[in-house]
Number of protein chains: 2
Amino acid sequence: MTIRVGIVGYGNLGRGVEASICQNPDMKLIAVFTRRNPDSLKTNDKSVKVLHVDKAREYVNDIDVLILCGGSATDLPVQGPYFSMFFNTVDSYDTHAKILEYSAAVNKSALANGKTAAISIGWDPGLFSMNRVLAEAVLPQGKEYTFWGRGVSQGHSDAVRRVNGVKNAVQYTVPVEKSLQKVRNGETPQLTTGEKHIRECFVVPEAEADKEKISHEIKSMPHYFNEYETSVTFITEEEFAKNHTGMPHGGFVIRSGQTGQDPVNNHIVEFSINLDSNPEFTASILVAYARAVYRLNCEGQIGAKTVFDIPLAYLSARTSEELLRELL
Amino acid sequence: MTIRVGIVGYGNLGRGVEASICQNPDMKLIAVFTRRNPDSLKTNDKSVKVLHVDKAREYVNDIDVLILCGGSATDLPVQGPYFSMFFNTVDSYDTHAKILEYSAAVNKSALANGKTAAISIGWDPGLFSMNRVLAEAVLPQGKEYTFWGRGVSQGHSDAVRRVNGVKNAVQYTVPVEKSLQKVRNGETPQLTTGEKHIRECFVVPEAEADKEKISHEIKSMPHYFNEYETSVTFITEEEFAKNHTGMPHGGFVIRSGQTGQDPVNNHIVEFSINLDSNPEFTASILVAYARAVYRLNCEGQIGAKTVFDIPLAYLSARTSEELLRELL
């Protein structure tokens, strides 16, 4: 049985999904749907159909799971509730403040139409959230810490690029090593935002731009930089192209908890990732959850689901017996 | 609604379960069942009943989940299938080679009697297994590594204590830092058992024992030590009592995986724990799964379940809405 997958949106994440499907022999990519002119897209596998997104509904009988690779700001709030009327879906909706609302909208569509939708899949929300829930359930008395990085923050890079005199720029969010160590030592420190992360900016200035002024403007930018230790390094366009076009990321979820009395015993539970390519890793998570969504739907488990609702066995290509024998 | 819990077996693990229940306001310990003379046991909370294990069946209506804290060698193979006829159960069965057989036996009892049984719960099998399945599902192309320690190995400590001239001893399993770093660097090394762990023995010798001989006998012990770099340190009884009676443990599950082509991107997914008290931490996991077992049974989800089958939401004391709002 092959799971037939469709992709909506062919940016970095969509391309990552295409690459990940190739690593999973139980899956097959049927079509990529785009808002652009389909002829303008080049997929890796030339046999994959590229179609305008308006054609997606014609493929309801040919696609088992549709992976939505649009953004959370404007694409998914429309696409999630819409496509879950016709398809089982997976998405990476990550606007934390609106997740309840989004979940309710998708759940309504999916339930009414017998579909299963995995929402807010990725690493944060996603794998990090799973570890927060697991570690808190096991160590209810304790404190949780999430650190992000070292990795590219799209939002902060955009903010730097908007500064006058900046030709190109990238911003790396970097966890403060000293604070990480305090947490790992079980000191359960109170950490301000500025004590958790530093911000490294690599900036290609326009010719004859005032570097002092750029640097000052970045470092004093409210919300984005003024509460952090921020470094600004000016580099050439060549250096930018050579060293700063990747999309690395990573992070740490650490719970420091206590059990027992007299003595109290300390425990550290840590989950971390270190990624060469944020979009390819995120895409690989979406694909594993596509497998889960397909299976859940076959069993009649419909509606919106998060990483908290889906048993791990559903993600794996292995049989239950193999899981018990080889991985338990 | 309070979940009423019973404990079978009051060793280190059973005492850890008692301590953990105190940290979970939705749970209450009803009774401890023991094979010893009940009057000889002192529970922390004096209001808890201590009864002979033969009385357990009289409590079927008073206990929602029974946590089995016996050993895997002889206790659980009998107790698991037996108690899951009458109670929802949680156990920490960890004889890897016989898990399928054990699972089948417990499943049969539980299914026939409408009970739910979480088997092989703990950190390995348990949390480590979950991370192996999750990371493999997300990064099917890659290699998985499990390192244990720094921590006390009961089996190896026992082996050392059996050596002639040894009065008392403890053995720590310690991951080889250099190998850990190679794995984290994405080098995906092939590691022999001896390259993964070293073994540190702290030995209190009998008066006038031949230390050279003891040391040689330990280091050349087949299977236990001869394949490892092993250190033997002789200490006094006082030092043993002061520094070596704790039960620390820990470990690392690391997957090193690749995505994409041209370039291939590397990713590291790592889960680690660092525990002051192995039994108290393991007990805390059993208690979280007791909550899950209770809820699954209320929903009619019966039979034997492992960590692969149980959604994380079932472990948490929080409502679904809280989980989405606070932890996703």
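Over all chains, 24 salt bridges are counted, a salt bridge being a side-chain nitrogen of Lys or Arg within 4 Å of a carboxyl oxygen of Asp or Glu. The model is predicted, so that local features need pLDDT of at least 70 and side-chain atom pairs count only at pLDDT 80 or more, while totals for chains, interfaces and linings use all residues. Residues are numbered from 1 along each chain as its sequence is written, chains are lettered from A and ligands numbered from 1 in the order in which they are written, and side-chain values use heavy atoms, with hydrogens and water left out.

One of these salt bridges joins A:Arg255 to A:Glu144, with the closest N and O atoms 2.7 Å apart. A:Arg255 belongs to strand S12 (residues 249-259) of chain A and A:Glu144 to strand S7 (residues 142-148) of chain A, so the pair ties together parts that are 111 residues apart in sequence. Helices (H or I, at least four residues) and strands (E, at least two) are DSSP runs, numbered from the N terminus. A:Arg255 is buried, its relative accessible area being 4%, whereas A:Glu144 is partly exposed at 22%. Here buried means under 20% relative accessible area, exposed over 50%, and partly exposed in between (1.4 Å probe, protein chains only).

A:Arg161 forms a salt bridge with A:Asp158, the closest N and O atoms lying 2.5 Å apart. Both residues are in helix H5 (residues 154-161) of chain A, three residues apart, about one turn of the helix. A:Arg161 is partly exposed, with a relative accessible area of 31%, and A:Asp158 is partly exposed at 32%.

Seven strands of chain A form an open sheet with parallel pairing, in the order S3-S2-S1-S4-S5-S6-S14; two strands pair if DSSP finds at least two bridges between them. Strand S3 (49-52) and strand S14 (303-305) of chain A are the edge strands, each pairing on one side only. On average, neighbouring strands of this sheet are turned by 25 degrees against each other, direction ignored. Within the sheet, strand S4 (residues 65-68) and strand S5 (residues 88-91) of chain A run parallel and are joined by four bridges; A:Ile67 has A:Val90 in S5(A) as its bridge partner. Helix H2 (residues 75-83) of chain A lies across strand S1 (3-8), S4 and S5 of chain A and runs at about 175 degrees to S4(A). Axes are lines fitted to C-alpha atoms, for helices over the stretch in contact (heavy atoms within 4.5 Å), and angles run from 0 to 180 degrees between N-to-C directions.

The contact between the chains takes 61 residues from chain B and 61 residues from chain A. Together the chains bury about 5,600 Å², 64% of it on carbon and sulfur atoms; buried area is the accessible area (1.4 Å probe) that two parts lose on being put together, summed over both. B:Gln23, B:Phe308 and B:Leu328 supply 14% of the area that chain B buries against chain A, more than any other three residues.

Two salt bridges are counted between chain B and chain A. In one of them, the side chains of B:Glu136 and A:Arg318 meet at 2.6 Å, N to O. This pair crosses from helix H4 (residues 127-138) of chain B to the loop between S14 and helix H11 (320-327) of chain A. B:Glu136 is buried at 16% relative accessible area, and A:Arg318 is partly exposed at 23%. A:Glu136, B:Arg318 and B:Glu326 are linked in a network of salt bridges.
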